[in-house]
Amino acid sequence: MKYRVIERFRGKYSVEAMCKVFEVSRSGYYAWRKRQGKEAKDQWLVDLIVECQQHSKQTYGIRRVQSWLWRRKKKHVNLKAILRVMRKLNLLSVIRRRRAYTRYQQAVHRYPNLLNRRFDQVRPNQFWVTDITYIPISGSMLYMCAVLDLCGKTVLAWKIGSDMSSSLVTDTIREALKQEKVTGGLALHSDQGSQYTSQAYFDLTQEYHVSPSMSSPGCPYDNAAMENFFGTLKTECLYRTHFSSRPEVEQLVSEYIDFNNFERISLKNGLTPVEIRGMAA
């Protein structure tokens with residue numbers, strides 16, 4: 001407010017004198033003035049980003065906004081500038097937002113990245129991937145853990161719980177291991193969530209002779225197959241329904257995973273995940 005008063009009367013009174021009266025520094029005033037000029041200069045970008053996010057119903061991330069600006073307006077804008085404006089206006093994408101990486105100081109175990117983004121596996125039970133996602137319901141939040149075989153991207157097991165405990169992860173993986181009767185040679189890839197660095201997870205991998213594999217810190221691309229599945233599950237299933245209870249979620253997820261495994265056709269080869277996996281066995 002003081003800077004605005006100084007700006008208003010700068011032609012009538014000395015800037016130095018007004019700064020002394022208001023007990024502010026001249027450098028602070030001129031820094032504020034420079035920021036005001038920059039904001040006015042960026043107004044065209046603000047208007048376009050608002051238009052873009054209204055058009056996309058705020059589903060675009062910074063890269064899609066950048067593409068939209070070029071395709072529609074022939075404006076090439078730096079990603080950092082777009083991110084700055086979107087953050088300021090609270091216009092970041094509202095779906096499939098990348099989770100911020102948290103470094104867990106009490107992590108027990110770390111593992112090397114054995115997968116190295118080799119997401120297309122030609123043999124079953126060579127590489128599995130696993131992760132946890134959030135499912136909001138009326139007045140609460142649920143958490144879903146799932147396990148995929150990268151051969152065919154088949155969902156082997158899944159569970160929904162009311163918290164993100166290690167037991168949610170280990171129970172889901174144990175169900176997949178018992179179903180597949182894996183005896184060895186399997187690598188299981190995850191992110192660096194605390195559930196996957198826990199002692200319980202380590203004990204499970206030792207019990208079943210599984211080789212744990214882990215993404216690099218804060219890098220969702222290392223587990224892109226799992227991220228893609230959860231994204232598809234949400235856009236094709238969960239986001240289309242408003243849930244009021246956990247049984248409703250479990251019923252719809254169960255139906256969708258059956259559809260995903262046995263009926264959803266891959267655009268690459270026209271086969272379902274189960275068919276791809278069966279042919280490779």
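Good morning. A caution to start: the model is predicted. Every value I quote is computed from it.

Let's begin with the fold. The chain holds 11 helices and 5 strands. Now the dimensions. Along the principal axes, the C-alpha atoms fill a box of roughly 85 × 45 × 40 Å. What is the radius of gyration of the chain? The chain has 26 Å. A compact globule of 281 residues would have a value near 19 Å.

Next, the packing. Of the 281 residues, 41% are buried. Take the contacts with a separation of 6 or more: residues 24 or more positions apart account for 61% of them.

Then the charges. The chain carries 44 positive and 26 negative charges. Their mean positions lie 13 Å apart.

Last stop, the aromatic rings. How many aromatic pairs does the structure hold? There are 5. Let me pick out Tyr196 and Tyr201. The ring centres of Tyr196 and Tyr201 are 5.3 Å apart. Their planes stand at 85°, so this pair counts as edge-to-face. The cut-off for that label is over 60 degrees. Are Tyr196 and Tyr201 buried or exposed? Both are buried.

How values were computed:
Residues numbered from 1 in each chain as written. Predicted model: local features only at pLDDT ≥ 70, side-chain atom pairs only at ≥ 80, totals over all residues. Heavy atoms only, no water. Helix = DSSP H or I, 4+ residues; strand = E, 2+ residues; numbered from the N terminus. Rg over C-alpha atoms; globule rule 2.2 N^0.38 Å. Buried < 20%, exposed > 50% of the residue type's maximum accessible area, 1.4 Å probe, protein only. Contact = heavy atoms within 4.5 Å. Lys, Arg positive; Asp, Glu negative; His and termini not counted. Charge placed at Lys NZ, Arg CZ, Asp CG, Glu CD. Phe/Tyr/Trp six-rings, centres within 6.5 Å; stacked < 30°, edge-to-face > 60°.
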